[in-house]
Amino acid sequence: MVGIATKGQLRMSFLRWALVLVPLIVLAGSLAGALSGSGQTSWYEALEKPPFQPPSYLFGIVWPILYALMAFALVMVIQARGSRLRGLAIGLFIGQLIVNLLWSPIFFGMHQVSFAFWWILLMLVLAVATTLVFWRIRKLAAGLMLPYIAWICFAAALNFEIDRMNPDAETLVVGETSTQI
């Protein structure tokens with residue numbers, strides 16, 4: 001059977017893609033943070049933080065929501081089969097997602113606060129580029145990326161301030177405490 005898909009078929013295709021990609025992207029983001037010890041290390045606790053640092057639990061709420069929004073945006077672009085920019089948009093999305101997933105290991109795992117700042121700026125550039133291409137394909141998909149861009153800007157400011165307030169962060173060694181009974 002050759003022809004244009006019905007609206008029902010398009011909805012089911014969207015649903016199938018969403019059922020795979022939303023959990024996959026949320027899981028990938030969660031694993032990247034968890035495996036690198038995001039905010040759970042004595043090293044991070046020892047760093048001086050700026051006054052606008054939100055409570056740690058907020059990151060665990062915000063990031064899964066952002067990853068879900070990003071995934072839905074990607075699904076919308078994947079569904080735009082007639083767009084000549086679709087391949088570029090998907091490639092940019094994958095690139096910015098990889099950069100995103102590597103930020104936590106760079107900052108929390110390797111303690112490279114200064115490098116992580118430049119890395120998050122790269123993430124921002126790629127996220128903006130992705131959003132601009134998404135805009136040319138599906139405006140709603142671009143709209144779903146805007147909270148992510150706003151959060152990256154906030155995270156970049158936070159990263160910058162932590163780096164500024166802790167010039168020795170890369171070499172900071174936190175001593176283990178022990179008690180004898």
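Ser104 touches Ala32, Gly33, Ser36, Ser38 and Gly109, leaving aside residues up to four places away in sequence. Please bear in mind throughout that the model is predicted.

Ser104 belongs to helix H4, which covers residues 86-109. Its relative accessibility is 12%, and Ser104 therefore counts as buried, the cut-off being under 20%.

The protein chain has six helices and zero strands. Along the sequence the pattern therefore reads α-α-α-α-α-α. The C-alpha atoms of the protein chain fill a box of roughly 75 × 35 × 25 Å along the principal axes. Of the 181 residues in the protein chain, 43% are buried. Among contacts between residues at least 6 apart in sequence, 81% join residues at least 24 apart.

I turn next to the packing of helices, taking two pairs that involve H4. Two packed helices are described by the angle between their axes and the distance between the axes.

How is H3 oriented relative to H4, roughly parallel or roughly antiparallel? Helix H3, residues 56-78, packs with H4 at an angle of about 160°, and their axes are 10 Å apart. Angles over 145 degrees count as roughly antiparallel, and H3 and H4 are therefore roughly antiparallel to each other. The crossing of H3 past H4 is left-handed. On the H3 side, the contact is made by Trp63, Tyr67, Met70, Leu74, Val77 and Ile78. On the H4 side, the contributors are Arg86, Ala89, Ile90, Phe93, Gln96, Leu97, Asn100 and Leu101. By class, the residues of the contact of H3 with H4 comprise eleven nonpolar, two polar and one charged.

Leu74 sits in helix H3 and, with 6% relative accessibility, counts as buried. Leaving aside residues up to four places away in sequence, Leu74 touches Leu21, Ile25, Ile90, Phe93 and Phe134. Ile90 and Phe93 are also among the H4 residues in the contact with H3. As for distances, Leu74 and Ser42 are 32 residues apart in sequence and 36 Å apart in space, C-alpha to C-alpha.

The axes of H4 and H6 come within 14 Å and cross at roughly 30°. Because angles under 35 degrees count as roughly parallel, H4 is roughly parallel to H6. H4 passes H6 in a left-handed crossing. The contact involves Phe93, Gln96, Asn100, Trp103 and Phe107 of H4, together with Met145, Tyr148, Asn159 and Ile162 of H6. These residues divide into six nonpolar, three polar and no charged.

Ala157 and Lys49 are 108 residues apart in sequence, yet 12 Å apart in space, C-alpha to C-alpha.

My last topic is the aromatic residues. A pair of aromatic rings is described by the distance of the centres and the angle of the planes. How many aromatic pairs does the count give? The count comes to 15 aromatic pairs. I shall present two of them.

Tyr44 and Phe107 form an edge-to-face pair, 6.1 Å centre to centre and with 65° between the planes. Tyr44 lies in helix H2, residues 42-46, and Phe107 in helix H4, so the pair ties together parts that are 63 residues apart in sequence.

Trp103 is buried, its relative accessible area being 14%, and Phe108 counts as buried at 10% relative accessibility.

Which residues make up the aromatic cluster? Trp43, Tyr44, Trp103, Phe107 and Phe108 form one aromatic cluster.

To close, I return to H4. This helix is roughly antiparallel to H3 and roughly parallel to H6, and H4 holds the buried Ser104 with which I began.

Technical notes:
Residues are numbered from 1 along each chain as its sequence is written. This is a predicted model: local features need pLDDT of at least 70, side-chain atom pairs count only at pLDDT 80 or more; totals for chains, interfaces and linings use all residues. Side-chain values use heavy atoms; hydrogens and water are left out. Helices (H or I, at least four residues) and strands (E, at least two) are DSSP runs, numbered from the N terminus. Buried means under 20% relative accessible area, exposed over 50%, partly exposed in between (1.4 Å probe, protein chains only). Contact means heavy atoms within 4.5 Å. Axes are lines fitted to C-alpha atoms, for helices over the stretch in contact, and angles run from 0 to 180 degrees between N-to-C directions. Angles under 35 degrees count as roughly parallel, over 145 as roughly antiparallel, 65 to 115 as roughly perpendicular and the rest as oblique. A crossing is left-handed if the near helix is turned anticlockwise from the far one by less than a right angle, and right-handed if clockwise. Ala, Val, Leu, Ile, Met, Phe, Trp, Tyr, Cys and Pro count as nonpolar, Asp, Glu, Lys and Arg as charged, and the others, Gly among them, as polar. Rings of Phe, Tyr and Trp (its six-membered ring) pair if their centres lie within 6.5 Å; planes under 30 degrees apart count as stacked, over 60 as edge-to-face and the rest as tilted.
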